[in-house]
Amino acid sequence: MKLIIAEKPSLGRNIVDAINGIGEAKMQKKAGYYEGAGYIVTWAFGHLFSLSDIEYYTEKEKYVPGEKARWTMENLPCFPDKYNFSLRTDDKGKVDSGVENQFGVIRSLCLRPDVDEIINAGDADREGEIIVRLCISKSLGEQVKAQKRLWLPDQTPETVRKALKGMKDSEEYDRLAYEGYARTFIDWLYGTNLTRYATLKSGAFLRVGRVIVPIVKAIYDRDKQIENFVPEPYYALVSKAETNGTEIELQSKQRFGKDEQQKAQEACDRMNALPLTVTSVKKKKAKLPPGKLYSLTKLQNVLSRKYKMSMNDSLAIAQKLYEQGYLTYPRTNSEYLATAEKDKMKQILAGVSKLGYPVKFKDDKSIFDDSKIEAHSALTPTFKIPQKNALTKEENQLYSTVFRRFVAVFCANDCVVNRSEIVMTLGEGEEEFSLKGTVILEKGWTEYDDSAQKDKILPPLQKGDKVEHLFVPAEKTTSPPKHYTVETLNNYLKNPFREDKAQAEKAAQSAQKDADETENDEEDYRAIFEGLELGTEATRTGIIENAKQSEYIALNKDVYTILPKGRYLIETLLLLGISMDKYKTSQVGQALKKVYKGEISIRAALRLAQNEIAEVFSRGASAENVNADMNIGMYGDEIGVCPLCGKKVVRGRFNYGCSGYAEGCKFRIPLSLCKRPVPMTAAKALLESGRTAKLDGFVSKNGKYFSAFLKLNGDKVEFDF
């Protein structure tokens, strides 16, 4: 008997449907699994296990699973010799009954004497690999049974049945599992040790993670650049003169400072005294290529820009459509297809063609390129096409975006354009000006997919024509950097060193040239394969959502901004000597890729993290260094005397509260108001005089910052403007 363990119930049901389509024998539903046709199919609920808390390793004699322990510096840092996984707990620290019951089903099935082969059907990535491996290892203990891997790029019955025939031994995916375990252990080391350290030192709960901190810091740094930006006026040399009844706008490469108006005018006079002649007119027909197929990040960028769809929503919808069999695996970082998928694409295209779309198979390197695929190919539709009205509005927006791009890439009709360029020379070569234009002659694939191409018609000039010009100094000002949007933050996280390299090249070469993103993506894929990106397609969305829920950052109309808690996080970590920047995070990412490639062991990768964490603790930053205006004290600190009952007011987990709570006193001062921590100094002032000094950094419901005093009105804390 073959036992298949799926990562989630939805995948389990899809596997059952595929098996039921093989022959006459059908699978029967049991309690937590299906059985029949030579197979047993069961499932996890995603992560059934999580790493144990520090107290498991440091206080074993009094450790109680699920019980919340008081954090202390005495057991930090903690570097376990062997990591322990235990069943996932709920918000109250208790093992979830549903998780416990389902694992009981999985374990009993693994141990059944008639089960001679266990098949890992986790999602096709490093997380899915270890989710099911943990279930198997925790079930079998020392027993040994044959294990296979079911690798599914999509969940259609055709793909499942084909994959069941071509399974590889589980050992073939060992290095993927090693990378998954290394990532899990390293993130635990950083998150557990540094979160506790920073929280105990600062007195405020600070969520420190390998990826969340550099994401928040990128937004913090950009907002600081905008705040500190001082506009610089300058003079540009601009001409807007008419030639043969058509206004031609030109701008010189020369630029003059705010105190150089006279020099700018003199330069204009010199230019106006020289003839401006058309020295070249080029026209040629060309084929405009469609965009690439979508990776998850590129799809999220488009959906955010076009429909204001959040990353969290787009990932959830893409995952649902994948589980329903309409899309291929969504958490992909590639925009290319594998060469082994050519026959599969021909079959999908045959189905798309029956719907009336003019598509044909194209064996092109811009579509099929194994060197641009790490684990998963680009997002595409599958054989299964949803019926009309089967999808919600948002689901249809996402599906049709992927579908239309697929049609565009394989469209039989080319988009033909007429490209023109007019080059004008001032005098004997003092300066050149270029006008470029494009006119669409045949729409081709643009009928099915969005295109940024717009018709731009150039003036009717011929080689040798004299062009009228009248340059004048135009006063302009430098512009500040722009806030990160969903798209620009995603692009930054995918390759955080692109800007650094571009600036270095600009300084070295002092030259500028156009770059076509759709044709020059080698640098991005190098960053992905070497582990330079911050987070992955599978994790990035969840981490950004975590930062929003922690009130470190805000997303308003596609624009990210830093919040007071985010400022406090970054500035406090700097004071504590914790440097979780893009360089540190990328070093870990590179180490994980080396584990995957077999170049280093898991233990060697862990040593890199342990050494860095140990260095933070050795520096021993003191709590006195932390900004007092945001310091909410340490758990258990005494703040003052309760104005209602006279007992002590102490710092709790969620507020400054009266120690007489058990006797019925309900006096509270919140730790946070309007997304701003209420510092210990303010809480003490409220207890002593009933009013605080003026506090900055509160955030209103519409996202605007404001300042206010706080005052006590009976047992309530109110704003006083």
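# Questions about a predicted chain

Reader: I'd like to start at glutamate 129. Which residues does glutamate 129 touch, leaving out those up to four places away in sequence?
Author: This is a predicted model, and here is what it shows. Leaving out residues up to four places away in sequence, glutamate 129 touches Asn120, Asp123, Arg149, Tyr173, Leu176 and Ala177.

Reader: Is glutamate 129 buried or exposed, and at what relative accessibility?
Author: Glutamate 129 is found in helix H4, residues 126-140. Buried means under 20% relative accessible area. Glutamate 129 therefore counts as buried, at a relative accessibility of 0%.

Reader: With which side chain does the side chain of glutamate 129 make a polar contact?
Author: A polar contact is a pair of N or O atoms within 3.5 Å. For glutamate 129, the distance is 2.7 Å, and the partner is the side chain of arginine 133.

Reader: Let's move to glutamine 102. Which backbone oxygen does its side chain reach?
Author: Glutamine 102 lies in helix H3, residues 97-110, and is buried, with a relative accessible area of 7%. Not counting residues up to four places away in sequence, glutamine 102 touches Gly32, Thr42, Trp43 and Phe45. Its side chain reaches, at 3.3 Å, the backbone oxygen of glycine 32.

Reader: Tryptophan 43 came up there. Why is the pair of tyrosine 34 and tryptophan 43 called tilted?
Author: The structure holds 27 aromatic pairs. The ring centres of tyrosine 34 and tryptophan 43 are 6.1 Å apart and the planes are at 55°, so the pair is tilted. Both tyrosine 34 and tryptophan 43 are buried. Planes under 30 degrees apart count as stacked and over 60 as edge-to-face, and the angle for this pair is 55°.

Reader: And what kind of pair do tyrosine 322 and tyrosine 329 make?
Author: Tyrosine 322 and tyrosine 329 are both buried. Their ring centres are 5.5 Å apart with the planes at 85°, so the pair is edge-to-face.

Reader: Which residues do ring pairs link into a cluster?
Author: Look for tyrosines, phenylalanines and a tryptophan here. The cluster linked by ring pairs is Tyr56, Tyr57, Tyr83, Phe85, Tyr181, Phe185 and Trp188.

Reader: Which ring does the charged end of arginine 676 sit over?
Author: There is a lysine example to look at too: lysine 346 lies over the face of phenylalanine 361, 4.9 Å from the ring centre. For arginine 676, the charged end is 5.8 Å from the centre of the ring of phenylalanine 698.

Reader: How many of the 29 residues of H6 are buried?
Author: Helix H6 covers residues 174-202 and reaches 41 Å from its first C-alpha to its last, close to the 42 Å expected at 1.5 Å a residue. It is followed by glycine 203, whose phi is positive, near 85°. H6 is largely enclosed by the rest of the structure, because the number of its residues that are buried is 26.

Reader: How many residues of the largest nonpolar core come from H6?
Author: That core has 107 residues, and those touching the most other members are Leu194, Val216, Ile553, Tyr560, Ile578, Tyr656 and Phe667. The contacts of leucine 194 include Ile578, Met580 and Phe617. H6 gives the largest share of the core, and its count is 12 residues.

Reader: How many residues are in the second, separate core?
Author: Among its members are Met309, Leu337, Phe368 and Ala378. The number of residues in this second core is 30.

Reader: Which residues does a cis peptide bond join?
Author: Most residues other than glycine have a negative phi, and most peptide bonds are trans. Proline 77 sits in the loop between helix H2 (54-58) and strand E6 (85-87). With omega at about -10°, the cis bond joins leucine 76 and proline 77.

Reader: What is the relative accessibility of lysine 557?
Author: Lysine 557 is found in the loop between strand E16 (553-556) and strand E17 (559-562). It has a positive phi of about 55° although it is not a glycine. Lysine 557 counts as exposed, and its relative accessibility is 74%.

Reader: To step back, what share of the residues of the chain count as buried?
Author: The chain has 20 helices and 26 strands, and its C-alpha trace spans about 90 × 80 × 50 Å along its principal axes. Of its 721 residues, the share that count as buried is 50%.

Notes: Residues numbered from 1 in each chain as written. Predicted model: local features only at pLDDT ≥ 70, side-chain atom pairs only at ≥ 80, totals over all residues. Heavy atoms only, no water. Phe/Tyr/Trp six-rings, centres within 6.5 Å; stacked < 30°, edge-to-face > 60°. Buried < 20%, exposed > 50% of the residue type's maximum accessible area, 1.4 Å probe, protein only. Lys NZ or Arg CZ within 6 Å of the ring centre and 35° of its normal. Helix = DSSP H or I, 4+ residues; strand = E, 2+ residues; numbered from the N terminus. Expected span 1.5 Å × (residues − 1). Polar contact = N/O pair within 3.5 Å; in protein donor to acceptor, adjacent residues only side chain to side chain. Contact = heavy atoms within 4.5 Å. Core = buried A, V, L, I, M, F, W, Y, C linked by side-chain atoms within 4.5 Å.
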